[in-house]
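User: Hi! I have a structure open and would like to talk through how its parts pack together. Could you walk me through it?

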Amino acid sequence: MRAVVVSEPGGPEVLEVREVADPTPAADEVIIDVAATAVNRADLLQRQGNYPPPKGASSIIGMECSGTVSAVGETVAGWAVGDQACALLAGGGYAEKVAVPVGQLMAIPSGVSLVDAAALPEVTCTVWSMVFGPEAGRLQPGERFLVHGGSSGIGTMAIQIAHGRGAQVFTTAGTPRKIAFCRELGADVAINYRDDEFEDVIRAETGGGGIDVILDNMGASYLSRNLESLAVGGRLIVLGLQGGVKGELNLGTLLAKRGTVHAAGLRGRPAQMKAAIVAETQNAVWPMIESGAVRPIIDRVLTLDDAPEAHRLVDSSEHIGKVLMRVR
């Protein structure tokens, strides 16, 4: 099969399409003939040698895909050859075939094409588990929610789901075009971080009350500012480190606000935990997609041969939503 291989850690130019061996399914896995995959920021880190796959996962980049089941393991139930699905992966998505634990398969929501469905698994599972899950955000209707990077894949999905579930949605983005798009998706307050200090806007908009749940992709550079923006009892969920890995935390402020700082990740979780998240996400989010309240936001669809261009585009942050690569 054809797959994108990293010749050595480096820039987008190290991504090469080569022939590699086809995967074979374990007893609890299926083989997906991949129709499309998506580019995530974690893929860029893996290409650079900074984010190795979990033990036992494919070394091929790619954390989600859509396609058609072409083989099933001997203990698999509920899925058959010819079924269409999208899937949450620990790796292997940039290829014509991938082995997937059966618990990480997701049905294609009605009204979503097979290719477009590749935009769903990572963002929906991440947002649902981190923003609404009982161990992290626990966002409730009527609460205030802030997502940084509102025009990203995670951001566009988080805005839609939070808005659809009755939260007051705040977001940050870096251009007027992205600000306008976030508002169209349901953001009540969209802040251009190049023009305004987001904590000042939040203080003014909430009368000093602050934000109940913050989903942050920046890490160190936003840590103190996020803490300042939290409401009493607020929850800060850190899922990215684009602004650095080491920051200073004022524990006095955290104690005064009875706040929580939660570091969240999805890729390295055990398969059983991922299966539970996948099931919860389908139950909660798929009806919203099928009703039209939530939709995948796709900037463009490239091909597997365009992997270097796709990585450059995501690295530039010029896109809105997801960048997909058609495989078949």
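Analyst: Happy to; the questions and answers below go through the cores, the helix packing and the cysteines of this predicted model.

User: Great, let's begin with the core. Which residues of the largest nonpolar core touch the most other members?

Analyst: The largest nonpolar core holds 48 residues. Elements that each supply at least two of its residues include the helices α2 (121–132), α3 (153–164), α4 (176–185) and α8 (271–291), along with strands such as β5 (84–88) and β11 (211–216). The members touching the most others are V127, F132, L139, F145, I161 and L215.

User: What is L215 in contact with, leaving aside its neighbours within four places in sequence?

Analyst: L215 is among the core members that touch the most others. Once those sequence neighbours are left aside, its contacts are M130, V131, F145, L146, V147, H148, I154, A158, I237 and L239.

User: How many residues are in the other core, which lies apart from it?

Analyst: M1, L15, L105 and L304 are among the members of this other core. Its residue count is 31.

User: Now the helices. Are α2 and α3 parallel or oblique to each other?

Analyst: E122, V123, T124, T126, V127 and F132 of α2 meet G153, I154, M157, A158, I161 and A162 of α3. The two axes lie 9 Å apart, and α2 passes α3 in a right-handed crossing. The packing angle is about 55°. Angles under 35 degrees count as roughly parallel and 65 to 115 as roughly perpendicular, so α2 and α3 are oblique.

User: And α3 with α4: parallel or oblique?

Analyst: Here T156, I159, Q160 and H163 in α3 meet F181, C182 and L185 in α4. The crossing is right-handed, with axes 9 Å apart and an angle of about 30°. Because angles under 35 degrees count this way, α3 and α4 are roughly parallel.

User: Which cysteine has the sulfur nearest to that of C86?

Analyst: C86 is in no disulfide. Its nearest cysteine sulfur is 8.1 Å away and belongs to C65.

User: Is S229 buried or exposed?

Analyst: S229 is found in helix α6 (residues 223–229). Beyond its neighbours within four places in sequence, S229 is in contact with F198, E199, I202, G210, I211, I214 and K257. Its relative accessibility is 2%, and since the cut-off for burial is under 20%, S229 counts as buried.

User: How far is A276 from E74 in space?

Analyst: A276 is found in helix α8 and is partly exposed, with a relative accessible area of 36%. In sequence, A276 and E74 are 202 residues apart. In space, C-alpha to C-alpha, the distance is 21 Å.

User: Last one: which residue just after α9 takes a positive phi?

Analyst: Helix α9 spans residues 307–316, and A307, P308, A310, H311, L313 and V314 in it are buried. These buried residues pack against β1 (2–6), β2 (15–19), β3 (29–39), α1 (41–47), β14 (298–303) and β15 (322–326). Just after the helix, a positive phi of about 60° is taken by S317.

Note on methods: Residues are numbered from 1 along each chain as its sequence is written. This is a predicted model: local features need pLDDT of at least 70, side-chain atom pairs count only at pLDDT 80 or more; totals for chains, interfaces and linings use all residues. Side-chain values use heavy atoms; hydrogens and water are left out. A nonpolar core is a set of buried Ala, Val, Leu, Ile, Met, Phe, Trp, Tyr and Cys residues joined through side-chain atoms within 4.5 Å. Buried means under 20% relative accessible area, exposed over 50%, partly exposed in between (1.4 Å probe, protein chains only). Helices (H or I, at least four residues) and strands (E, at least two) are DSSP runs, numbered from the N terminus. Contact means heavy atoms within 4.5 Å. A disulfide is a pair of cysteine sulfur atoms within 2.5 Å. Axes are lines fitted to C-alpha atoms, for helices over the stretch in contact, and angles run from 0 to 180 degrees between N-to-C directions. Angles under 35 degrees count as roughly parallel, over 145 as roughly antiparallel, 65 to 115 as roughly perpendicular and the rest as oblique. A crossing is left-handed if the near helix is turned anticlockwise from the far one by less than a right angle, and right-handed if clockwise.
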